[in-house]
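Have the sequence and the 3D view ready.

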Amino acid sequence: MRRRTGLKCCTLVCLTFSAGCSELSPNPDQGEPAVTETVSISAEEERRIEKFCGHCHAMPKPESFAKEDWEFEVTQGFRFYEAAREEFAWDPPELMTTIAYFERDAKEALPAPQVYPLESVASSLFQRVDAPDTLQATAISHLNVSDISQTVWACDMRTGALLKSPVDGDWIEARRPVQLANPCRVLPLQWDQDEDLELLVSDLG
């Protein structure tokens, strides 16, 4: 008997104000103050900052950005929070204290990445193929090999698509009962222990 593999889709919406997002820029009309190096940070304030900045994603590391960039990144994160604060009962720390926290251990400048000649990393496992002009680039954020369905699942954050493929087959787009903006992670499971396959999807934005 062939197993029934109906598809249901559960969506987790996660607001992110990660330091890595850079679509928005500080509003000059807000008059955001410059950071001074005289701000002292207590242990309790540090715990409050780490809890607040680690709600939706891993706690950003101070060395992720140069010291001069942290004011912009933290201010941007606070704006993301303010835009949706009615949905979250969080206790945000002071903006200036948070900026000082990251600046304290940040480097003055980030080191330039090391460049390797193409020949030194070339391998017989890879072959260069020129993509057609009509091909839209994907932005795959997560791959999951499901033992339940013997299928590889992928999230495309550029198009919002959920892609699936048999382990030895071609990729096709899975049916989407809901519209996804930026799916970043997919987890196949059997939520209610029936024969149907469910997908738990994290959707950023």
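Which helices do the buried residues of α3 pack against? They pack against α1 (43–53) and α2 (70–83). Keep in mind that this is a predicted model.

## Inside helix α3

Helix α3 covers residues 95–105. Its buried residues are Thr97, Thr98, Ile99, Ala100, Tyr101, Phe102 and Glu103.

Here's a handy bit of background: an α-helix has 3.6 residues a turn, so residues three or four places apart point the same way.

## How α2 meets α3

Two packed helices are described by the angle between their axes and the distance between the axes. For α2 and α3, the angle is about 135° and the axes lie 9 Å apart. That angle makes α2 oblique to α3. Their crossing is right-handed.

Who does the touching? On the α2 side, the contact is made by Trp70, Glu71, Val74, Thr75 and Phe78. From α3 come Leu95, Thr98, Ile99, Phe102 and Glu103. Sort the residues of this contact by type and you get six nonpolar, two polar and two charged.

## The sheet

Now for the strands. Four of them form an open sheet, in the order β2-β3-β4-β5, with antiparallel pairing. β2 (140–146) and β5 (172–173) stand at the edges with a single partner strand each, so one side of each has no neighbour in the sheet.

Strands β3 (residues 151–156) and β4 (residues 161–166) pair in the antiparallel sense over six bridges.

Methods:
Residues are numbered from 1 along each chain as its sequence is written. This is a predicted model: local features need pLDDT of at least 70, side-chain atom pairs count only at pLDDT 80 or more; totals for chains, interfaces and linings use all residues. Side-chain values use heavy atoms; hydrogens and water are left out. Buried means under 20% relative accessible area, exposed over 50%, partly exposed in between (1.4 Å probe, protein chains only). Helices (H or I, at least four residues) and strands (E, at least two) are DSSP runs, numbered from the N terminus. Contact means heavy atoms within 4.5 Å. Axes are lines fitted to C-alpha atoms, for helices over the stretch in contact, and angles run from 0 to 180 degrees between N-to-C directions. Angles under 35 degrees count as roughly parallel, over 145 as roughly antiparallel, 65 to 115 as roughly perpendicular and the rest as oblique. A crossing is left-handed if the near helix is turned anticlockwise from the far one by less than a right angle, and right-handed if clockwise. Ala, Val, Leu, Ile, Met, Phe, Trp, Tyr, Cys and Pro count as nonpolar, Asp, Glu, Lys and Arg as charged, and the others, Gly among them, as polar. Two strands pair if DSSP finds at least two bridges between them.
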